[in-house]
Every structure is written in structure tokens, then in C-alpha cells.
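Trainee: I am new to this structure and would be grateful for a guided discussion. May we proceed by question and answer?

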Amino acid sequence: MATVWAVVGALLGALLLEGIQGAIVGGALGWLLATVSELKRELAQLRASTQTAPERPVEFPAQPAQGEAAQPQPELLPQVSASAPEGEPTPVAPPKAPSALGTLLQRALSRVVHFFTTGNIVLRVGLVVLFFGVAFLLKYAAEQALLPIELRLAAVALGGAAMVGGGFRLRRREHLYGVLLQGGGIGVLYLTVFTALRLYDLLPATLAFGLLVVLVAASCALAVLQDARGLAAFGTAGGFLAPVLTSTGEGSHVALFSYYALLNAGILGIAFFRSWRELNLIGFVFTFVIGAAWGYSSYRPEHFASTEPFLVLFFLFFLAIPVLFAQRQPPRLKGYVDGTLVFGVPLVAFGLQAAMLDNQPLLLAYSAVAMAAVYVGLTYALWRREALRALAEAFLALAVVFLTLAVPLALDGHWTAVTWALEGAGLIWLGCRQNRWLARLSGVLLQFGAGVSFALALLLSSGWGDWPVLNGRYLGCAVLSLAALLSGWLLQRRTLHRLEAAYAPLLLIWGVLWWLGGGLAEIDRQLPAPWTGTAAMLYFTSSAVAWGVAAKRWRWPALALPAAGLWLLFLLGALVLLSDNAGGHYFVDYGWLGWAAFFAAQVFLLRLKAWPQGWHAPSHAATLWLLVLVLSVELGWLARELGDGLFPRAWTLAAWGAVPALALLLVSSSRVEKLPLLSQAPSTYRRLGLAPIAGVGLLWFLAACTQAGDPAPLPYVPLLNPVDLAQALLLLAVWNWWRSHGRVMAPELGVWPDRGLALAAFVALNTVLARAVHHVLGVAYELPALIDAPAWQTALAMAWSLVALGLMWQARTRMSRSLWITGAVLLAAVVAKLFLVDLDGSGTVARIVSFLGVGLLMLLIGYMAPLPPRRQSEGA
């Protein structure tokens with residue numbers, strides 16, 4: 001409502017007094033009248049509620065006695081339904097709220113009617129008219145020279161003194177009348193003294209300010225003695241308006257601000273004894289509005305030295321007043337914070353300071369730091385006083401705000417981001433300690449804002465320094481990462497609202513990304529290309545160890561997840577390198593150092609057991625996978641390099657198969673259970689660790705069957721060559737693993753894996769025959785050529801017959817008709833192939849040999865392994 005009256009008064013003042021000064025005066029008077037009216041109404045309501053129910057709590061005012069008029073209640077008190085049960089007040093549902101514009105107009109009309117229909121209306125209007133009349137009289141008399149100026153000013157001063165004296169005598173009989181009369185008289189005296197000083201130079205400056213000090217002290221003393229807010233408000237407002245009404249536009253701003261400093265000193269003095277909020281607001285509004293108006297119209301850079309001390313003084317005045325106001329509150333409102341002054345004063349003061357220091361950001365940064373230091377000092381002084389804790393927290397928030405503003409003003413983009421990140425961590429610490437959700441949210445937003453600012457600085461600026469590690473780029477990334485990780489750790493230690501549950505994981509991801517990104521960028525800038533891969537591996541490994549130790553020490557399991565994912569990063573990198581550079585190896589360019597560091601870190605982290613329980617088994621298994629992969633690639637590369645290019649692909653192929661086979665045999669053995677890692681999780685290694693190795697090994701087996709397996713420089717010997725031996729060793733290792741551990745892991749598969757391994761052995765036998773035909777007889781190692789080769793056909797017939805003999809004999813021993821039938825089917829296939837395949841003339845000998853051999857074997861089978869009798873369980 002005061003805002004509406006201020007706007008109306010400003011319009012009227014601009015129309016009547018023609019100019020910005022009239023608008024300022026009218027607006028100030030309108031705001032003052034509305035404030036005083038509101039104060040009187042609230043005071044009357046408070047007194048009425050106190051008289052009606054002095055012992056009742058504030059929240060539940062007493063009901064008026066029967067037949068007694070209900071006293072008006074304060075707006076903050078809830079209405080209680082008369083029909084509510086005793087002891088359980090039921091709030092009455094509020095009426096439907098009108099629109100914002102309708103509410104504003106309704107309240108404005110209500111205040112106007114209230115002002116002109118209550119209290120001493122004649123006195124109120126008369127004092128306002130009299131004040132303007134005196135001002136206009138003085139101005140008119142000065143312009144017309146009607147009477148000697150000394151006589152005119154003396155008469156006005158006597159009139160003002162008479163008003164003060166008369167009002168003081170009437171204070172007991174007509175308290176309100178007397179108080180208002182005293183306020184008007186003091187305003188006239190202010191006006192007279194200032195006029196004598198500014199317009200006519202009738203009083204020395206020292207004497208004039210002495211008189212003003214006396215008037216300020218007198219008005220303050222009278223207001224305090226009579227508990228008269230109106231007197232203080234009218235007297236203070238009159239004092240502020242005096243120089244505006246008598247201004248010619250040619251006065252000294254030093255005199256004006258010195259005069260206002262005296263008035264504000266009076267307001268500060270009253271604040272020691274009375275908590276009169278409207279008086280504090282009067283001083284704040286008049287001081288900074290009139291000061292800003294002067295600055296807009298008359299300030300020049302050369303005025304800084306004479307203006308800055310007053311701005312600092314006014315800031316300190318209105319910084320101390322809210323503290324005194326909070327201390328002077330009644331017990332039920334103890335510690336109440338005047339938000340208008342607490343937050344308005346620094347906002348206005350810093351805005352004026354910024355206008356005075358235009359294009360000087362460094363000086364403005366110093367100003368922000370100074371204001372932050374003042375608020376930190378106040379926070380420290382008030383923090384231990386429980387009644388003023390809310391005010392101390394507000395001051396602390398302002399200190400953080402001004403530190404945040406100072407950083408971009410004084411530093412460039414990357415240091416601004418770094419400072420914001422640290423400040424965000426501090427806010428999160430404060431929010432966790434004081435259980436302030438807004439501080440925590442501000443800290444989180446500041447962390448991400450710092451990252452965005454730093455990223456922009458990386459793109460747009462240069463000159464970060466050339467020292468390795470000790471340069472702005474890497475140190476900035478490191479600080480951003482550590483601040484985010486520290487913030488995440490602080491948040492995860494507390495039980496937060498469910499909407500805040502994502503803070504800690506987001507900050508963890510944010511911190512890890514900045515740490516890894518900064519490290520990779522620094523490695524790329526500082527090291528030559530051949531060494532960047534190894535350096536990155538060492539950086540990742542050391543970071544994972546640090547995260548694992550910190551997770552264990554700080555009791556933050558989530559921090560160990562990046563460390564737990566180290567194996568995934570190395571596995572992906574190994575597969576990418578394997579596909580991009582099939583002829584290379586992992587130990588090139590000191591890569592062995594990176595892989596050694598990785599496996600050492602994995603052993604340490606696995607024994608540390610820092611990460612969540614669900615990650616232990618995959619980490620153990622992945623360590624074994626990577627060890628087998630790296631050793632396979634390196635052994636294959638070594639086999640090729642030792643022969644100086646003489647060794648064909650067969651040796652590399654054999655190495656890739658031999659390492660998985662040896663891993664299957666060694667890990668499956670019970671003799672290695674005492675090894676450091678195997679002893680921690682033996683079943684994990686033998687099941688989850690070896691199952692993928694067995695599966696990949698079988699895929700290698702099938703791929704190896706397509707290769708001729710040239711053992712050069714050694715001569716080819718069937719079964720005793722690298723590829724045949726590796727395939728046989730792999731099948732043996734897979735069968736051994738499945739028999740001892742695999743079948744327990746997947747019993748639902750039944751006998752199918754056994755049959756699959758038997759089929760793989762049969763394929764291996766055919767492959768050995770094909771390679772023998774290829775290397776001995778020179779037949780191309782291609783399926784069409786082998787099919788057309790009589791030697792291979794004869795070898796297959798004899799081999800298949802021998803296999804059939806073995807199956808049928810084993811079936812006879814086990815009394816298994818199904819196994820015997822399998823051998824019989826294989827033998828039937830051999831016979832069919834002999835009669836159906838048309839061999840040319842060159843194969844006559846091979847055909848005869850095939851018939852004779854197969855026939856003899858069939859006779860042997862018929863004698864040694866006849867069809868077993870049917871079991872009773874098999875039915876008829």
C-alpha cells in the first residue's frame with residue numbers, strides 16, 4: 001500500500017512543483033503517510049488483542065466476551081470457527097481470492113477511506129498543508145524580498161518552536177495531537193536552519209550543523225520519551241525533505257550528505273531504545289533515493305573522493321540498524337529479521353558503488369570483498385546468539401553472494417570457475433551442517449555453473465601456462481573435480497529429501513569426468529604421440545587406486561565404482577587396439593608398463609574390497625580375461641618376431657590357442673588355490689572367469705580348422721605341429737574344465753556339452769587328415785580340392801570306420817544301444833560314400849584300399865562289438 005501512496009504522491013508532486021524534485025518530495029510524503037497510517041492501525045490492533053487476551057498465545061486469540069464488541073485482530077492471526085470443539089480451533093476457509101489488480105485497487109481505496117475517516121483528520125491534513133505552506137512562504141519571500149531575511153527566518157523558527165512547545169504541553173491530554181504538532185514543529189525548524197545555511201549564508205556551517213544536531217537529538221529524545229513513532233517519523237521526514245524543498249540546484253553535495261548523516265545518526269540512536277521499523281525505512285528510503293537522484297543528475301568521477309565516505313557511512317548505519325531492530329523485538333518475535341533493510345541495503349549500496357566505479361571492475365571486486373568481510377565478521381559476532389541466528393545466517397548468505405560477485409570482477413574466466421567451485425563446496429558444507437536445503441541447492445548449481453564457465457574459458461581464452469601439470473588448464477580441472485567429489489561426499493553422508501537424492505551421484509560423475517578429461521588433455525599436450533597411450537593407462541590406474549582408497553577411507557562405496565570400472569575401460573581399449581592393429585601388440589612404446597600397473601592395481605583393489613559387493617565377481621573374472629588376452633596377443637607377436645618374419649601365421653595362431661588352454665588347465669587345478677587372487681574367490685574364477693574363456697577358445701578352435709597350419713621352419717608332422725597340438729590341448733582343457741566345474745555351473749544343459757565336445761574332437765580328426773594330405777601330397781587346403789582328392793577320401797573312410805569301431809565297442813561295454821547306433825550310422829555313411837562317390841582312374845588304388853580296409857573293420861566290429869541287448873527300461 002505504501003508503494004501506491006508513493007506513486008500517487010510522486011504524480012501530484014510532479015504536477016504541483018513541476019519537476020523531478022517535486023516528484024521525489026510528493027512520493028516521499030505519500031509513502032510516509034501510508035506508512036504512518038499502517039503503523040497506527042497495527043498498533044491499535046496489537047493493543048486491542050493484548051487487552052482482550054493477555055495470556056493467550058499469539059496463534060489463538062481469545063474470543064470477545066458476550067455483548068462486547070469484537071476487537072480487530074492482527075492479520076497474521078488465524079481466524080477460529082465458533083463451532084469448533086473446545087481445544088481444537090478449526091481455521092475458517094478463506095474467501096476466494098480476487099485478482100491481483102482487484103486486490104490492489106480494493107486495498108488502495110480502503111486505505112484512502114480509512115485515512116480520511118479515522119483519527120484527527122483536520123490535524124493530519126493541516127500539518128501537511130502547513131508544512132508545504134511554510135516551504136512555499138520561505139521560497140516566495142526570498143524571491144520577492146518582502147521582509148528582511150533574518151526577520152522572516154526568525155519568525156518561522158519561533159513558529160516552529162511554538163508548535164513543539166505547544167505539542168509537548170498537550171502530550172498528556174491530547175497525546176496524538178501533541179505528538180503530531182511536535183513533529184510538524186521540528187520539521188519547520190529543520191527547514192529554517194537549512195534555509196539559513198544554504199540559501200542565505202546567515203549561519204556558519206559549524207553553527208548550522210550544531211543546530212541540526214541539536215534538533216536531531218531533540219526530536220529523537222522527544223520521540224523516545226513519549227513513545228511517539230509519529231513524532232519520530234514526521235520529524236525525520238521533515239529533516240530529509242528540508243534540503244529538497246529549499247534546493248536551488250547549486251548546493252554542495254558534501255553539505256547535503258553530512259546533514260543526512262546526522263539524521264541517520266539520530267535514527268541509529270533511536271534504534272538503541274525502540275524497534276521502530278517505519279522510522280528505519282524512512283531513513284533508508286530518503287537517504288538512498290535522494291542520493292541516487294543526485295548521483296544520476298550531478299555525479300562526476302572527480303566527486304568520488306568526497307562521495308565514497310558517505311556511501312560507506314550510510315551502508316554501515318543501515319547495517320547496524322537491523323541488528324538493533326532484531327535485538328529490540330519482544331520475546332515472541334525475538335530474532336525477527338527486517339528483510340527490507342537486511343537485503344535491500346547491500347543491494348542498493350553495491351549498485352551505487354558500481355555506478356561510481358564504472359569501467360573499474362578490479363576496484364569493484366575489492367568493494368565486494370570488503371562487504372563480504374564485513375558480513376563474515378557480523379556472522380561470527382552474532383552466530384552464538386540463538387535469538388539472532390536467523391540474522392547471522394542472512395549475513396552469511398550475503399557474504400557468500402558478494403564473494404561470488406567479486407570473483408568474476410577480479411579474475412579471468414578459469415579462476416572464476418575455480419573459485420565458484422570451491423565456494424559451491426563451502427555452501428554445500430554449510431547447508432549440510434545447518435540442514436538448509438537452499439544452501440545445498442545453491443552449492444550444487446554453483447558447481448555446475450563453475451564447470452560451464454571453465455569450459456567456456458577453455459574455448460575462448462589462452463595463456464594458461466606451459467609447465468606440465470602446474471598450469472591453469474590442468475589445475476583448474478583438478479580443482480573442479482575435487483570440489484565436486486568433496487561436495488558429493490558431504491551430501492551422501494546425510495539423509496536428504498528424496499528430491500535431493502540425485503545430488504551426490506551427479507556430482508560424483510561430474511567430478512570424475514573433469515578429473516579424467518583434464519588428465520587426458522594434459523597428457524595429449526605435454527607428451528609425444530608414442531607415449532600418450534602408456535601415460536593414459538598409468539593415469540587411469542593411479543586414479544582408480546586413489547578412488548578405491550578414498551572410498552574405503554571416506555566410507556563412500558559409490559566412489560569406488562569408477563575404480564571398479566577400470567577393467568571395463570582397459571578391456572574396451574584392448575579390443576579396439578586388437579581390431580585396429582592386428583599385427584601389433586600391447587607392449588609397444590612402454591605399454592608393458594601400463595599393463596603391469598593395471599594388473600598390480602587390480603590385485604590391490606580386489607584385496608582392498610572397496611567397491612560394492614556386486615562388483616567383486618565381475619572384477620575378478622575380468623582381470624583373468626584381460627590377463628589371458630594380453631598374454632595371447634603378446635605370445636603370438638613374440639613367436640612371429642623371434643623368427644624375424646620366418647614364422648608363418650601358424651605360430652601366432654597356436655599361441656592364441658595355447659594361452660587360453662593353459663589358463664583353463666591351471667585355474668581348474670586345485671593346486672593353485674593358494675594364489676593371492678584365486679584364494680579370494682576360487683569359484684568365481686573357475687566358473688564366471690573360465691566360462692567365457694572356454695567359449696572364446698572353442699570359437700578359436702573352429703577358426704583354426706580353416707587354417708593349413710604351416711609349421712615352418714620346422715617340417716610338418718601330423719599331430720606334432722603347433723596348431724594341431726594347440727587345438728588338442730584346448731579341447732582337453734575345455735573338457736577338463738567342463739567335467740570338474742562347468743557341469744556344476746549349468747546342470748540343466750545335461751549331456752549336450754559332452755556331445756558337443758565329442759563332435760569337436762571328430763572335427764579335429766578330419767582337420768588333421770586334411771592338413772596331412774595338404775602338406776604331404778600337396779593338395780590345396782580348400783574344401784573342393786580336398787573332396788576331389790582320393791587320398792583324403794580314403795583317409796576319411798578309414799578314420800571314420802575306426803571312430804565307428806570305437807563307439808560301438810564302447811557301447812558294448814556300457815550296454816548303450818544309442819551310442820552303438822551312432823557308430824553304426826557313421827559306419828553306414830562310410831559305406832555309402834564308398835559306393836556313391838565316383839573316383840576317377842587315378843584313384844583305383846585308393847578305392848581298393850578303402851574297400852578292403854572298411855570291410856576288415858566291419859568284420860572286426862561284428863565280432864567285438866555286436867548290438868547290445870535292449871534294456872527293460874527301454875521297452876520293446
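This is a predicted model: local features need pLDDT of at least 70, side-chain atom pairs count only at pLDDT 80 or more; totals for chains, interfaces and linings use all residues.

Trainee: How many salt bridges does the structure hold?

Mentor: One of them pairs arginine 440 with glutamate 500, the closest N and O atoms being 2.9 Å apart. Another pairs arginine 771 with aspartate 724, with 2.4 Å between the closest N and O atoms. Arginine 525 and glutamate 522 also form a salt bridge. The number of salt bridges in the structure is three.

Trainee: How many residues apart in sequence are the parts that arginine 440 and glutamate 500 tie together?

Mentor: The salt bridge joins arginine 440 to glutamate 500. Arginine 440 belongs to helix H16 (residues 437-460), while glutamate 500 sits in the loop between helix H17 (472-492) and helix H18 (503-526), so the parts tied together are apart in sequence by 60 residues.

Trainee: Are arginine 440 and glutamate 500 buried or exposed?

Mentor: The cut-off for a buried residue is under 20% relative accessible area. Both arginine 440 and glutamate 500 are classed as buried.

Trainee: Which helices does the pair of arginine 771 and aspartate 724 tie together?

Mentor: In this salt bridge the closest N and O atoms are 2.4 Å apart. The pair links parts that are 47 residues apart in sequence, because arginine 771 lies in helix H27 (residues 752-777) and aspartate 724 in helix H26 (residues 722-745). Arginine 771 is buried at 0% relative accessibility, and aspartate 724 is buried at 4%. The helices tied together are H27 and H26.

Trainee: What distance does H27 reach from its first C-alpha to its last?

Mentor: H27 has 26 residues, and at 1.5 Å a residue the expected value is 38 Å. Its buried residues include Leu757, Ala764 and Arg771, and the helix is followed by glycine 778, whose phi is positive, near 80°.

Trainee: How many disulfides does the structure hold?

Mentor: A disulfide is a covalent bond between the sulfur atoms of two cysteines. Cysteine 477 is buried at 7% relative accessibility, and cysteine 705 is buried at 13%. The number of disulfides in the structure is zero.

Methods: Residues are numbered from 1 along each chain as its sequence is written. Side-chain values use heavy atoms; hydrogens and water are left out. A salt bridge is a side-chain nitrogen of Lys or Arg within 4 Å of a carboxyl oxygen of Asp or Glu. Helices (H or I, at least four residues) and strands (E, at least two) are DSSP runs, numbered from the N terminus. Buried means under 20% relative accessible area, exposed over 50%, partly exposed in between (1.4 Å probe, protein chains only). A disulfide is a pair of cysteine sulfur atoms within 2.5 Å. The expected span of a helix is 1.5 Å times one less than its number of residues.
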